[in-house]
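Student: Could we go through this structure together? I would like to start with the terms and then turn to the contacts.
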Amino acid sequence: MGRRGRRKARVAGITALVPPELIYAAGWRPLDINNWIPGSDARPRSKLCAWTASWREAILGGELKLDALVVVAGGDCHNALADGQVAARNVGRTHYFFYPFDGDAGYMEGQLRALEGFLGEGLRGERAHDRAMRALEEVAAAKRLGLRLEALRSAGRADPGSTFDALISFSDLEGDPARFGGKVERLIDASRDFRGTEGPGVALIGVPPIYRDFHRACAEAGLRVVFDELPYEFLRLGGHDLRSLARSYSTYTFARPVEFRLGLLKRELSRRKVRGIIHYAQFTCHHLLEDGLLREELDLPMLTVQGDLPGRTPAQVRLRLEAFGELLGAGKGAI
Amino acid sequence: MAAGRAFVGIDAGSTAAKLVRFDGRRVVRSRMVPARDWHSLVGTVRPREAVCTTGYFRRKVPHHLTLTEISAARLGVARSFPDAEVIIDLGGQDTKVTDLRNLTLQMNDRCSAGTGAFLEQAARYFGMSVEGLSRMAERARDRVDINSTCSVFAQSEMISMLERGARREEVAAGLHHALARRIAELVPDAERIVAIGGVARNRSMLFALGAILGRRLRVPPEPQMVNALGAALHAVAHSSQS
């Protein structure tokens, strides 16, 4: 994909994970409409979840200009579906995308085909084929770098905060997979100078925190984040056709039954020798209802944090993090 | 530990500041002042004393060491109840529940519905102190059901019940029960539950919470001073290590 092509690419807003490689392959540019929110001071009116209400208001107010909106209608929350439908009134074209709850790869392939049809061009057709293959390869190359960075961070050899910022951007690769890959590569290079972090390794599970400095707040509390659940999901590698992409994306755990998600969590927490879990949920988020189940099944000290509006991590949340660090034996306050 | 040295714990909380002076064996002094007067506590610290602070404003108060009130509570409670399984810290502005068996914390600070502020608001309406409200609830033969979880709505509910003829004592008992129900949502099932914090001095509250949980709650002497004691004990432990 050349620079000239990128400038012309139309923008498809995505409300949650939608295979970015397929959007690039169709000649569009994905834009995860959540990613600007933590850096903003958005104060949406009439909200349940500040994530979805913030992008709804930004779309309706014209701050987010999209050529199309892809709403994840199955596999994300009903707040996103409701706010997506409201926001759709200010977007020319809207498509509703459904993940299979039962993981049926055939159903997933049908959904990818429908998305391809909505975007107009995809992996089919001779004219589009070369461009699509190039896009798929660029996204895959960036994701391979992302996996390397993720592994370095888990081993305590890369900064958790900047790693999280990069990983969370794998949902849209910041609109330019090649340039984004370069950025990740520079982070990997910079990790050579990283002096390492102290403290017990913790996992951050649930939806991403709406606070822009949450990882820094964790580090200041003596907690070393070694796993970020949702961004890790973004690093899935597909192949060069719809079938292999469907196989990969049909295992997206956030869209599947909680038992399936627990399987991934148990495996990753054990592999990374995690000593504690931070479960982040948004105020009014349905994921909070899973908290008891996660505590029961994951058999590790767990801190539940509820966020609301975007901004810096509030003092109340910092207190929780600090206390959790003390309980896990981190830092000067260890008891 | 330095011979003859005293250790001071200061809990600079959101509504009150407390000081505990510990000589290595026992508490030799404890004092509580309104939060805004914390300077007066600092003025009593002697030059060779090791000071550990805790509470919301712990970093604002001059200190040698600091730790969160959750850890301070753990240390302070262990002195009276070394086998405690769960600590409920019933504060003026929030409620913190620590399960010591799996190091899990839960806090209720999103609104005042699960905190001492809920009772303060109701006591103000009746023109009495929180202690007076508790005593009034103790005299009730029955209680009304307050269904609202929001403290502001609960007050409206309370007023409309009084207008409909409910007895003041029964409304006061209902308010304590409503607060206890809210707090109980945070408490895991355990045999040995310890209640601390200013609200733990409130007998009606303890009665209601114990009834909902089906447990007799344990309360250390001077429950409002436990975090300051924990901070002082942390200073002792740190002194032994260094």
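Tutor: A polar contact is a pair of N or O atoms within 3.5 Å; within protein, one must be able to donate a hydrogen and the other to accept it, and residues adjacent in sequence count only if both atoms are side-chain atoms. The model is predicted, so local features need pLDDT of at least 70 and side-chain atom pairs count only at pLDDT 80 or more, while totals for chains, interfaces and linings use all residues. Residues are numbered from 1 along each chain as its sequence is written, chains are lettered from A and ligands numbered from 1 in the order in which they are written, and side-chain values use heavy atoms, with hydrogens and water left out.

Student: Which side chain does A:Gln282 join in a polar contact?
Tutor: The side chain of A:Tyr280, at 2.7 Å.

Student: Where is A:Gln282 placed, and is A:Gln282 buried or exposed?
Tutor: A:Gln282 lies in strand β7 (residues 276-282) of chain A; helices (H or I, at least four residues) and strands (E, at least two) are DSSP runs, numbered from the N terminus. A:Gln282 has a relative accessible area of 1%, so it counts as buried. Buried means under 20% relative accessible area, exposed over 50%, and partly exposed in between (1.4 Å probe, protein chains only).

Student: How many of the residues of helix α7 of chain A are buried?
Tutor: Seven of the nine residues in α7 (residues 160-168) are buried. Among them are A:Pro160, A:Phe164 and A:Ile168.

Student: Changing topic, how many salt bridges does the structure hold?
Tutor: Over all chains there are 41 salt bridges, each a side-chain nitrogen of Lys or Arg within 4 Å of a carboxyl oxygen of Asp or Glu.

Student: What does A:Glu57 pair with in a salt bridge?
Tutor: A:Glu57 pairs with A:Arg56, with the closest N and O atoms 3.1 Å apart. A:Glu57 is partly exposed because its relative accessibility is 23%, whereas A:Arg56, at 7%, is buried.

Student: What about A:Arg179?
Tutor: A:Arg179 forms a salt bridge with A:Asp176, and their closest N and O atoms are 3.8 Å apart. A:Asp176 is buried, at 2% relative accessibility.

Student: Which residue forms a salt bridge with B:Asp11?
Tutor: B:Lys18 does, with 3.5 Å between the closest N and O atoms. Both B:Asp11 and B:Lys18 are buried.

Student: Which residues are linked in a network of salt bridges?
Tutor: The network links A:Glu150, A:Arg153, A:Asp228, A:Arg267, A:Glu268, A:Arg271 and A:Arg272.
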